[in-house]
Amino acid sequence: MKGQSIFWDRDLPEPALHGAAPLPDRVDVAVVGGGFTGLSAALHLARGGRSVAVLEAGRIGAGASSRNGGMVGPSFHKLGSAGLLARYGETKTLALMREGLHALDHFEALIRDEGIQCDLQMRGRFRGARTLADRESMARECDWLHRNLGLESRMVDAADQRDEIGSDTYRGGVVYLRDGGVHPRKLVLELARLADAAGAVVVPGCPVTALRHDGPDVTLATPRGSLRAGEVVLATNGYADRRSAAMARRVVPIETFVVATEELSPERMAELTPRGRMFGETGRVFMWYRPTPDGRRFIFGGRLARAGAGPEACKAAFAPSVARVFPQLDGVRFDHAWSGQIAYTPDHSPHLGMVDGVWLAGGYCGSGVTRSVYLGMKLARRILGQPGAETALDDLPFDKVPFSPFSRQGAALLTRWYAWQDARDLRRAAAAEG
Ligand SMILES: Cc1cc2nc3c(=O)[nH]c(=O)nc-3n(C[C@H](O)[C@H](O)[C@H](O)COP(=O)(O)OP(=O)(O)OC[C@H]3O[C@@H](n4cnc5c(N)ncnc54)[C@H](O)[C@@H]3O)c2cc1C
């Protein structure tokens with residue numbers, strides 16, 4: 001987005017890295033993309049004794065890793081338990097859902113054990129029900145998660161909603177107690193610092209322009225010279241293009257928008273989020289929102305603006321939805337607006353593995369903070385031949401997106417169709433519920 005201003009950049013200097021000028025002649029593993037996935041893989045590969053270079057086209061975390069909402073949790077699966085059961089049956093469903101818990105466990109342990117300073121605050125997430133039918137379906141899902149995975153959550157009646165959120169817009173909701181938030185840019189910079197300290201060569205401003213298989217090695221072309229590598233990891237996710245074609249053919253990039261309010265008074269913040277929770281809501285095209293880690297502002301995100309919208313159009317697109325949830329914020333000033341690319345996959349699932357002679361990890365479908373850090377580690381283990389490399393995702397094929405060159409336009413049309421369906425469902429529910 002031209003003219004954007006990312007809240008997470010405030011008061012954060014660029015990291016001091018050892019860098020590499022010139023690039024090394026050869027490394028064991030070259031990682032393309034310096035976001036959560038690439039840096040997590042690089043950290044574990046370097047600690048496993050491999051020589052590693054991370055080549056990042058922009059600054060460290062130029063992609064989604066510095067632009068996201070920083071909301072973390074088990075991020076189970078976009079299909080939910082009912083969708084997974086219908087597609088894969090019970091055993092596979094449970095294995096896939098458990099992977100979400102493993103990812104969160106790994107994420108929290110890494111932050112704790114490495115002393116990563118990224119404002120991790122595990123204060124839970126309230127998800128509001130926009131209709132009574134949504135609330136019933138969430139109650140069934142929570143019951144299933146508790147019975148099968150022991151996951152704690154709490155249903156909230158509309159009458160008690162004000163204990164969770166300064167809003168009456170929902171028909172109650174659920175609190176996911178194992179969810180929370182981080183400051184995503186602090187996290188990606190900390191991962192870069194750790195990878196650098198472990199011996200990985202982390203090179204921002206170094207786009208890979210072509211890959212060529214050369215005998216047992218791959219040669220990577222960059223404007224700063226070429227580099228040979230024994231293995232290549234493509235960690236380009238929603239920023240993949242023809243230069244990382246194996247990834248680009250398998251994901252649909254979707255632009256997602258975010259705004260951050262001006263500073264709000266402590267009293268107003270306490271009214272909006274009495275327990276410092278993160279927030280989400282039901283619907284196909286929904287808004288997510290959260291307090292900033294310093295507790296002074298609110299951030300709202302979602303696919304609410306048209307692809308390619310500038311900052312002012314983005315702010316205008318969010319204003320009605322923000323006022324719908326929080327009428328007390330009607331007319332609030334947005335100090336920041338930005339966007340980023342998520343990577344969707346045809347089966348709604350992230351993937352990792354080798355395709356066309358290169359390693360890939362990505363396709364987080366918009367829920368990738370914990371899963372990218374986790375799958376980066378898993379991919380590194382696999383390359384290192386270490387135990388504990390397997391995941392429940394391993395046997396899911398990372399299929400190409402049908403009609404890939406048109407997928408961006410297709411996704412934009414689909415978003416508008418979903419928004420229309422949401423509006424229709426809300427009208428019907430309002431008529432039925434009175
Ligand atoms: C607006 C937004 C909000 C989100 N909110 C959340 C959230 O609250 N919770 C959650 O769990 N997930 C969220 N996500 C998803 C999450 O941010 C991503 O899943 C995660 O950051 C993916 O990390 P990554 O390292 O795989 O990809 P990215 O961080 O996108 O990194 C890919 C990198 O590859 C680089 N690159 C591309 N091509 C080349 C090349 N040829 N040469 C060199 N480098 C290249 C890019 O510059 C980019 O830095 C959100 C995403 C967006 C966009």
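1. The shell around the ligand takes at least three residues from each of domain 1 (1-10 + 18-121 + 182-251 + 345-401) and domain 2 (125-177 + 254-344); the domain bounds come from an automatic or database domain assignment. The model is a predicted one, in which local features need pLDDT of at least 70, side-chain atom pairs count only at pLDDT 80 or more, and totals for chains, interfaces and linings use all residues. Residues are numbered from 1 along each chain as its sequence is written.

2. In total, 43 residues surround the ligand, and the closest are Gly-35, Gly-63, Gly-69, Gly-340 and Gly-368. A residue is near a molecule or strand if its C-beta atom, placed from the backbone, lies within 6 Å of it. By class, the shell has 15 nonpolar, 25 polar and 3 charged residues. Here Ala, Val, Leu, Ile, Met, Phe, Trp, Tyr, Cys and Pro count as nonpolar, Asp, Glu, Lys and Arg as charged, and the others, Gly among them, as polar.

3. Helix 1, strand 12 (252-261), strand 16 (334-344) and helix 8 each give the ligand shell at least two residues. Helices (H or I, at least four residues) and strands (E, at least two) are DSSP runs, numbered from the N terminus.

4. Helix 1 (residues 36-47) and helix 8 (residues 369-384) have axes that come within 7 Å and cross at roughly 40°. Axes are lines fitted to C-alpha atoms, for helices over the stretch in contact, and angles run from 0 to 180 degrees between N-to-C directions.

5. For helix 2 (residues 80-114) and helix 3 (residues 132-149), the axes come within 11 Å and cross at roughly 55°. Helix 2 is therefore oblique to helix 3 (under 35 degrees counts as roughly parallel, over 145 as roughly antiparallel, 65 to 115 as roughly perpendicular and the rest as oblique). This crossing, too, is right-handed. Among the residues that meet are Leu-94 and Met-97 in helix 2 and Trp-144 and Leu-145 in helix 3.

6. The C-alpha centres of domain 1 and domain 2 are 27 Å apart. Their contact takes 33 residues from domain 1 and 29 residues from domain 2, where two residues are in contact if their C-beta atoms, placed from the backbone, lie within 7 Å. On the domain 1 side, helix 2 provides the largest share, 6 residues.

Notes: Left-handed = near helix turned anticlockwise from the far one by under 90°.
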